[in-house]
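Hi,

Here is the structure I promised to pass on to you.

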Amino acid sequence: MKNIPLIGYADKLSLRPGETVSFKVSSTLKKTFSASLKRSISADPNPKGIGIVEKDASKYFKTSSFKSRKQSFNPGSYAICKTPIKVSIKKNLNLSVIIFPTLSSSKQQTILAFDNVEIYINSNGATSIRVGNNSISIKEPLILRSWYKINVKISLSGKVSISQKNLKNKNEKDLINNGKMPLNKVLFGKVSLAAIVSKGISHNHFNGKIESPIINADGKKIGDWDLSNNTSSTFVDSIIGPKLLLKNFPTRAVTGSKWDSSEMNWQHKPKHYAAIHFHEDDIYDFEWKTDFKFIIPKNMPSGIYVMRISCEDYEDAMPFFVAPPIGKTKTKICILISTFTYSIYGNHARVDYKDSWLNRIKDWNAYPYNPANHKEYGLSTYNYHSDGAGICHASHRRPLFNLRPGYITFGGSKSPCSGLRHFQADSHLISWLHNKGFEYEIVTDEQLHQDGFKSIKKYKTVITGSHPEYHTKETLDALRDFRDNGGSLNYLGGNGFYWRIAIHKENKNILEIRRPEGGIRAWASEPGEAYNAFDGTYGGLWRRSGRAPQELVGVGFTAQGNFYGHPYKRKCFDSKFDWVFEGIKEDQIGDFGFSGNGAAGFELDHIDSHLTSIKDITLLAQSKASKDPDENFILVPESRLTHLSNIKHLPEEEILQADMIFFEVPGGGSVFSTGSITFCGSLPWNNFNNNVSKLLENIVNRSIKR
Ligand SMILES: [Fe+2]
């Protein structure tokens, strides 16, 4: 594990005055580290722009020092009994378990362990049994991604047999091996699945699915677990024996050995979903100890804050987001902070990452670490586990490198592009608000999910950042209600409102994403695994659940390409909409910007009349996706039918575009959507003096004056 000398995280991203945030820090340095509070205005390290801008906030948190201490983390999911089992053996001990191995590894992989008895896969990929220091193995390696039933019989006289049966392929012969190993008369310990656990630390993690572990002593069951029990929980109630606790969030609601595609929803046939998928690299919540706490003072304004820590030559910055008390809003403008999307992308190791990007990082004094070089910290739901399964859980309760001021997502894009996404890209909007003197407060996705419409009800306008992609039913309902009750919803991004996520009931910091059926996605869910384990909802695109983004904001994802942007062309000359273009002489808008060098780029949204019931959407401006092969813009797969046709039955050039739109709804509410993820990147251009900035000023001014 590569050591990062000073790193930490805040236990909460979303706070309100009176609430407490705890900071968890690991420092391998000798001296004490100091912590100071800043308010974040700009997180873009590009020297061609305004750079990183933070305001001193020491009046709310006095700069303090804390003792350095190293904190560790222990990746890998497993199950362990809550209490130990004690059994005296008179004749024999039998163990059985069903497995679906998914990774061959030079490391030993524990399947089931009880005291000094362990069923595991050896470094040759063969099923093995160990009793004390002795072991025997099946001669042939297991075939990956096949279902096997493993049976082990151990007699007190020392006779041991291990057998395996392929449950799906009848042509594969049952295999057996026998040996002699002495068995203790009394066994005492916590049964574990998918790892061996000593002194609270897990080792020898198994990669794959485990189902139906049973332990039998002298013909009597002492442990029997149906792993489909309590699917949405972090524990499994037993049939016999103590309950199992699940550590590091293995994937549940996965198909088991009995699954035959007769049912796709785990809630309807739990017996078909009686397996749990474990991974050696599952790690979401580091569970570090708290180094210091901070109660948000009553007089601290809503905004984005960063707790900066430093020690010797190292520093780190832990962002958190402060909303006002519910109902006590002071401003007309609310910025919706996409904390769900930030977490879902947390530690995204990009496939196109190159070490050459480090040159720019050095030149710009940007945030130094990249998830691609520190996979041990746990990757994002845009990455895979070591066995190739998509990572479907996310959490901010660990250091997220890409949630740091100055982090660069793309290090090789054309100058003067900053190559930013998410937190840093959204700071283009935050710095614009400060530059233009617009007073604003923030509300995060988590708060919108928890508190609903009432958390945004009093604002005149809710403005999104560049990429509000991940949502729950609650957040979508709240935004719809805001719009339908007279609010102005300004969606300044692209590919928003796209995926449905689920939140764990026992730890709301853990998010789940399934990626079945389609969508621009980093991996595909396995057949039969479309339903979320956390809440039983049908996962995937909101469009597949009848709530396309077009229904909320008039446009939705249509095209993605490389990180390039282009200008919009003004399309609306109706005098009714002159207010949008007031002060703008040009018909070309946004031929510049710190994101992709243009206001319409990278991920584009368009109007689709099939996916919305909204009437009278006005196309204000439009940008056609570039045909330059370097830019590689493609139609989203959910809209593609054949190599010749798409779901709109139109030529592609008529649908691969960013549509900037405006519409009003009965009740006085309105929506402005940019149709592009790079829009906000143009705001700070020329010291915020440009036609994109002017256009947004017109939109926001109208939104708050209504
Ligand atoms: Fe995205």
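This is a predicted model: local features need pLDDT of at least 70, side-chain atom pairs count only at pLDDT 80 or more; totals for chains, interfaces and linings use all residues.

The largest nonpolar core has 54 residues, and Ile 335, Leu 429 and Leu 696 have the most contacts inside it. Several elements give two or more residues to this core, including strand 30 (333–337), helix 3 (422–436) and helix 9 (691–705). Helix 9 provides the largest share, 6 residues. Setting aside neighbours within four places in sequence, Leu 696 is in contact with Leu 429, Trp 432, Leu 492, Phe 672, Phe 679 and Leu 683. Another core, of 48 residues, lies apart from this one; Leu 142, Leu 175, Phe 206 and Ile 276 are among its members.

Of its 15 residues, 12 are buried, so helix 3 is largely enclosed by the rest of the structure. Among the buried ones are His 428, Leu 429 and Trp 432. The helix reaches 22 Å from its first C-alpha to its last, close to the 21 Å expected, and bends by about 25 degrees at His 428. After helix 3 comes Gly 437, with a positive phi near 75 degrees.

Strand 7 (residues 78–81) is joined to strand 24 (residues 244–247) by 4 bridges, and Cys 81 stands opposite Leu 244 in strand 24.

Best wishes

Conventions:
Residues are numbered from 1 along each chain as its sequence is written. Side-chain values use heavy atoms; hydrogens and water are left out. A nonpolar core is a set of buried Ala, Val, Leu, Ile, Met, Phe, Trp, Tyr and Cys residues joined through side-chain atoms within 4.5 Å. Buried means under 20% relative accessible area, exposed over 50%, partly exposed in between (1.4 Å probe, protein chains only). Contact means heavy atoms within 4.5 Å. Two strands pair if DSSP finds at least two bridges between them. The expected span of a helix is 1.5 Å times one less than its number of residues. The bend at a residue is the angle between axes fitted to the seven residues ending there and the seven starting there.
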